Amino acid sequence: MFRIGYAIDGFFNWDRRGMVSGLGIPGDWNGLHSRSPSLLAESDFLLLAFEGWSEDNRSSGIGFLIGLERWLKPHSNLLVFDSSINPVNLLEIGNYGAGDLVIESLYSTNPAFSLDYPQNSHILKPAEKLVIPIRFTPGDRNQLVLGTLHIRSDSVLGRTTVIYLAGY
Amino acid sequence: MTDLENRMKKLLSFLLLFFLLSASSSTLYGGRPRFELVPYPPEPLITPGFQGDIDSQGVLSPELLWDGHFIRLYYTAVDSNNVERIALAVSTDLLIWEPAGVVLEPREGTFDQDGVSSPELVVIDGAYHLFYTASSSGWNRIAHVSSPDGFQFSDKRTIVLEPSYDTDRFDSIGVSSPSILYQDSVFYLMYRGHDGSPWRRLGLATSHNGFDFDRKNGNAEQGAFFGRGRHGFDDGGADDPEIWLGSDGTVRMLYTSLHF
C-alpha cells in the first residue's frame, strides 16, 4: 500500500512527521494507493497534486489537496468540569500545518479556570500536540460557572482560538 | 499578494466555512495530529483518457508549476500500449483543466527509447529545465532537457545521473523519480535508487550546473539519505520524493510511503 509521508529538517537528518491525512478511504478513487506528491507552496497556502489508484489496481486520476503552513486545532472547543469528579481537565491542541506553529499566549477570562502553563510561548512542530491541564476551582458548588480560554497563535486560520469552559 | 495566493485564498474560503461549522462540534480531531490536507475537490480532475489514447491507461506522477498566468500540470501519460510520455494540462482556476498535449516523447535508439516519465520542472532565469526518468532496456536513469517556454523542448537530452553500478549501494541498478531544489546556485537532487530489493530508498546528489551531479553518501541504508521507517506506514521505504524549501528555511519532503 502506498500513502504519502512527510519529513522535515532535511537533508542529513530527516525528521519523520508521519503520514499526511486526507487520503485513501477504502472505496474511494484513491482507495488502493495515493502517491507521487507534487507541491506548490505560496505564502501560507499549499497546493498538492497526487496520483490515485483504485482498488482494482488501476490508475484512476490526479487529484488535488489544500493545506496550510500553520494550523492550530484543539481536540475539543468545549471543556466541562464537574468539581467533585474532574476538577482538572486536559486541553489538547495540535499543529496540523506543514511548518512550525507558535503558541504566543493562553489566558482564561474567568479566574475559576486556571492554567498550568508555565511558558509564555511554545513552538509546535508539524504533527505535534500540546497538552495543557486546566483546573476548575468553583466559588459556589451549586452554581454553573462559565468562562473562555483564549489561545493566541500564528495559525493561518486566525490568531485567536477560543475554548469554551463550563464548570459546576 | 500574488495572483496565485489570491486564487488559493478563494479556494480556502470553503475550508473556513467548514471550520466555522465544525466549531459547534465538541470533537474536532481524534488521535495524533498530522499534516492535514483537504481534498479539493473530492474527485480527481485529470483522469485516464483526458487527452485521448495518449493517457488512456494512466495519469501518473504530477508536477505542478505556476508560470505567472496559468497553473501547469506536467504528468506521466500512459497509453494503451503502456508507453510513457510526458504530457501537460493547464488551468487558471484549478477546477477546469485544458489538455496541452505531449511535451516529451520517448526517442527511438536512445537512452529514453522505452519511456519518459516522472517530470520535475525547475525554472531558472526564464528557462524551463525538465528532469525526468529515462527508460531503456530495463535501465532507469535521470535525464535533463530544457525549453524556453515549457512547451517546446530542445532536441538535446542529457543523462545527468546514472545508476551507481556499485553493488554495495542502494542505487546500483537504477535511479528514477527526480525532485530538484535549486538553492543558492546549487541543484539538490533527491531521487529513488534501485538495487533489485523490494525496499524503496532515496538518495541525494548535487550539482552546480544541473548536468554534472555529485552523488552523496547518506547515513541511511547503503548510502541512501532516506530509507525504511519504523512506524508501519513507511516500513517498506520511500519513493517519489518532493522536496521544497519551507518558509522557515528548512528543507521539507513529501514522499510516497510504502507499507507491506
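Mentor: We shall need one term at once: a residue is buried under 20% relative accessible area, exposed over 50% and partly exposed in between (1.4 Å probe, protein chains only). Residues are numbered from 1 along each chain as its sequence is written, while chains are lettered from A and ligands numbered from 1 in the order in which they are written. This is a predicted model, in which local features need pLDDT of at least 70, side-chain atom pairs count only at pLDDT 80 or more, and totals for chains, interfaces and linings use all residues; side-chain values use heavy atoms, without hydrogens and water.

A search of the whole structure finds 19 aromatic pairs over all chains. One of them joins A:Phe11 and A:Trp14, whose ring centres are 6.0 Å apart and whose planes stand at 90°, an edge-to-face arrangement. (Rings of Phe, Tyr and Trp, the last by its six-membered ring, pair if their centres lie within 6.5 Å; planes under 30 degrees apart are stacked, over 60 edge-to-face, the rest tilted.) A:Phe11 is buried because its relative accessible area is 7%, and A:Trp14, at 13%, is buried as well. The pair of A:Phe64 and B:Trp97 has its ring centres 5.4 Å apart and its planes at 5°, so this one is stacked. It crosses between chains, running from A:Phe64 in strand S5 (residues 58-68) of chain A to B:Trp97 in strand S5 (residues 97-104) of chain B, where strands are DSSP runs of E with at least two residues, numbered from the N terminus. Both A:Phe64 and B:Trp97 are buried.

Returning to A:Phe11 and A:Trp14, we find them in one aromatic cluster with B:Tyr188, B:Phe226 and B:Tyr255. Over the face of B:Phe226 lies A:Arg16, at 4.1 Å from the ring centre, and the charged end of B:Arg228 sits over the ring of B:Trp199, 4.1 Å from its centre. (For this, NZ of Lys or CZ of Arg must be within 6 Å of the ring centre and within 35 degrees of the ring normal.)

Now for the charged pairs. The structure holds 28 salt bridges over all chains, each a side-chain nitrogen of Lys or Arg within 4 Å of a carboxyl oxygen of Asp or Glu. In one of these, the side chains of A:Arg70 and A:Asp154 meet at 3.5 Å, N to O. A:Arg70 lies in the loop between S5 and strand S6 (72-74) of chain A, and A:Asp154 in the loop between S13 and strand S14 (160-167) of chain A, so the pair ties together parts that are 84 residues apart in sequence. Here A:Arg70 is buried at 15% relative accessible area, and A:Asp154 is buried at 18%.

In another salt bridge, A:Glu92 joins A:Lys129, with the closest N and O atoms 3.5 Å apart. This pair, too, links distant parts of the chain, since A:Glu92 is in strand S8 (residues 88-95) of chain A and A:Lys129 in strand S12 of chain A, 37 residues apart. A:Glu92 counts as partly exposed because its relative accessibility is 22%, and A:Lys129 is partly exposed at 41%.

Notes: Helices (H or I, at least four residues) and strands (E, at least two) are DSSP runs, numbered from the N terminus.
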